[in-house]
Amino acid sequence: MDTKTWQLSAPGVWRLTIKKPQSITPLSWMNVSPQEKALQQMPQVAPPFDWDRIQLEEAGDSLILSFPLYRTEKLYGTGLQLLRMNQRGRNRYLRVNSDPKQDTGETHAPVPFYISDLGYGVWVDTSRIVTMYCGSTMKQEDTQSEEIRDRNSDRGWRATMVASRVEIRLPAEGADVYVFGGPTLADVVSRYNLYCGGGVLPPMWGLGFWHRVPTLYSEQQVLEEAEQFRLHDFPCDVIGLEPGWHSQSYPVTYEWEKSRFPEPEQFVKKMEQNGFRVNLWEHPFVSPKSELYADLKPLSGSHTVWGGLAPDYSLTEAANLYKKQHEQQHVNIGVSGYKLDECDGSELTNNSWMFPGHAKFPSGLDGEQMRQMYGLMFQKMTDDLFRSKNRRTYGLVRASNAAASTMPYVLYSDLYDHKQFIRALCNSSFSGLLWTPEVRRARNAEDWVRRMQTVCFSPLAMLNAWGDGTKPWSFPEVEGVVRHYIKLRMRLLPYLYTAFARYRELGIPPFQAMPFVISPSEIAEAEANAVEAEQQLNTTDAAYGKKKVREWDDQYMVGEALLVAPLVEGEDEREVLLPAGIWYGLETGERYTGGCIIRVQAGLERIPVFVKSGSVIPMMPALPHVPASGTQIPLELVHFGSEPGEGLLYEDDGESFDYEAGKYTWRKLTVTRNSDGEYAGELTGESEEWSFYNSITWRFSQTHLEMI
């Protein structure tokens, strides 16, 4: 079949339309325009392979599209993968599914987009399930005789041979396939994000600390718990209500339970007066007791979930019913956003729940398509609702897909493995996704602190106490450590907000895995120096041998200047792969020369964080919450190291979409040093007016942050 009709879709982006793709896909549903100006400013390069090496063939009722694969090439992406970072040698069955405990590719946000460390990416835009064979299959004509080994005598035998192609199983009806150019892996991801509309810029308050209260808390209990944050001197911006705010849940009504929340509007106003936003939990399945039920019933699928309707939100009429009810009962009284739970379904736990793939929906979509798209549909509907009020929102979602980079939602899971949570944070950066390693419970004070430290360096810092009522001060012996890191996050908000602004304008993820900043050759060298020994466990766990390669999937960049290397319970030291250059321990001041692996120790009072020398970090006071728009606060500009350096600061009103009309300012922060060794700082930007800050303090040649 012909694969020579690739069309240039945007600078550095090529599209191949195969047969007749579905009318609804992630890209069409998002209804976004590529950021052409930013794309034009990127390097213009071709992929590192010949177009005629791409193959397309029919295989039964499927289409198989394949791309060449070089021997040492690494492949990243494929969505929110919790169990590995380099997908080379794996099959990825990319179905939306809750609690991905097996390494099959199924996950909360399976994105059929892989990125090569050679500097290109491949994306299939479809509402169907895609299977990617990421160098895990070997065709007869590609099998080399010298690679065939005798397992009985050759210790070099491997269960997964080194394949020469990636094979992608496409839907029978076809799909649009995109190739993104580099030249670097970071360029590929930025180009993908920009093509999908750019990255999200959350409201500044969304980057503060979040707390979710137990399920059946009443209005009075929520107000009392919020007050405890202020009394204990813990910053907090958002309080989340769990299922009990509904008059009925599982299935849900979307209506307030009057015995627990007799006056919702007054409750939300009281919370706002005390500096707290209110976020509401919900899921998609509508109860017969909901006022929406009768109108949504003819607009819903053939199957119910927990007895509730599964509305077809690809229909404008159904979406408008949902938005009208949410607008009147939630948004108009001041609710700030949602936690969109259980829009994924489950077959991987002790229970199975979701409409089946053969379910029928009024629009003509089937259950497979609706399940793949449901998370995107809910994100888009709620974002549109807040956008219509010129209010930004930020929330949580448990299912997503491709083209989601513009959505103000952070993924989470009911799983709770700390190391997997860190890996997911790294992997989310490859696919236009955000992830929170939320904290729920802890085995002991050590586990508690380590989880809290990690979540404070993530896209959404949250304690989810819905089930057990934990508080940040639940372990008194480490209360001071937890308070310190929540306050440190508050101090870093100008830096974090600027990182998200770069995501919006340039497509650069605010949190990045190490392949973004370290070359393939440097990573290969580091892996070679950290290969674990061959392990023969038993015939069940390792029948084909088990050899682990250190992937450096447990450390990541926050913005351009900070590298975070979390520790988990039971650890007080670890190896860190530092990029080239001079780095300082953010809180220790210890100096390191990068371009190598270092070993650091960190007691429970500290998470290893490193700052690049020459960086200028904008910071603010550790306030109890982010001030409302129009309130001005002090700004501190902290320069690290002895050499001159620079940084960036982005500023807007922090809450509205007025920045889309040009109401924002970028400022360059420059530090110079004269012949006498004296430092000077300069701010340059398009505007001299400040909307968020009222005084500026410079600190030069720092090696660490002072404790507060």
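Me: Which residues of α11 meet which residues of α12?
Reply: In this predicted model, R489, M490 and R491 of α11 meet L493, P494 and L496 of α12, where contact means heavy atoms within 4.5 Å. Helices here are DSSP runs (H or I, at least four residues), and strands are runs of E (at least two), numbered from the N terminus.

Me: At what angle do those helices pack?
Reply: Helix α11 (residues 479-491) and helix α12 (residues 493-506) pack at about 55 degrees, their axes being 5 Å apart, with axes fitted to C-alpha atoms over the stretch in contact and angles running from 0 to 180 degrees between N-to-C directions. The pair is therefore oblique, given that under 35 degrees counts as roughly parallel, over 145 as roughly antiparallel, 65 to 115 as roughly perpendicular and the rest as oblique.

Me: What about α4 and α5, parallel or antiparallel?
Reply: α4 and α5 are roughly parallel; helix α4 (residues 219-231) and helix α5 (residues 264-273) pack at about 0 degrees, with axes 11 Å apart. On the α4 side the contact is made by E219, V222, L223 and A226, and on the α5 side by F267, K270 and M271.

Me: Switching topic, where is D553, and is it buried or exposed?
Reply: D553 lies in the loop between α13 (520-528) and β20 (556-558). Its relative accessibility is 10%, so D553 counts as buried, the scale being under 20% relative accessible area for buried, over 50% for exposed and partly exposed in between, with a 1.4 Å probe and protein chains only.

Me: And what does D553 contact?
Reply: Setting aside neighbours within four places in sequence, D553 is in contact with M85, I422, R423 and C426. The side chains of D553 and R423 are joined by a polar contact of 2.7 Å.

Me: How many residues are in the largest nonpolar core?
Reply: The largest nonpolar core has 180 residues, and those with the most contacts inside it are W123, L241, Y313, F355 and Y374. Helix α8 (residues 367-387) gives the most to this core, with 9 residues.

Me: What does F355 touch?
Reply: Not counting residues up to four places away in sequence, F355 touches F285, H303, V305, A310, F361, G367, M370, R371 and Y374.

Me: What are the ground rules for the model?
Reply: Residues are numbered from 1 along each chain as its sequence is written, and side-chain values use heavy atoms, leaving out hydrogens and water. Local features need pLDDT of at least 70 and side-chain atom pairs count only at pLDDT 80 or more, whereas totals for chains, interfaces and linings use all residues.

Terms used:
A polar contact is a pair of N or O atoms within 3.5 Å; within protein, one must be able to donate a hydrogen and the other to accept it, and residues adjacent in sequence count only if both atoms are side-chain atoms. A nonpolar core is a set of buried Ala, Val, Leu, Ile, Met, Phe, Trp, Tyr and Cys residues joined through side-chain atoms within 4.5 Å.
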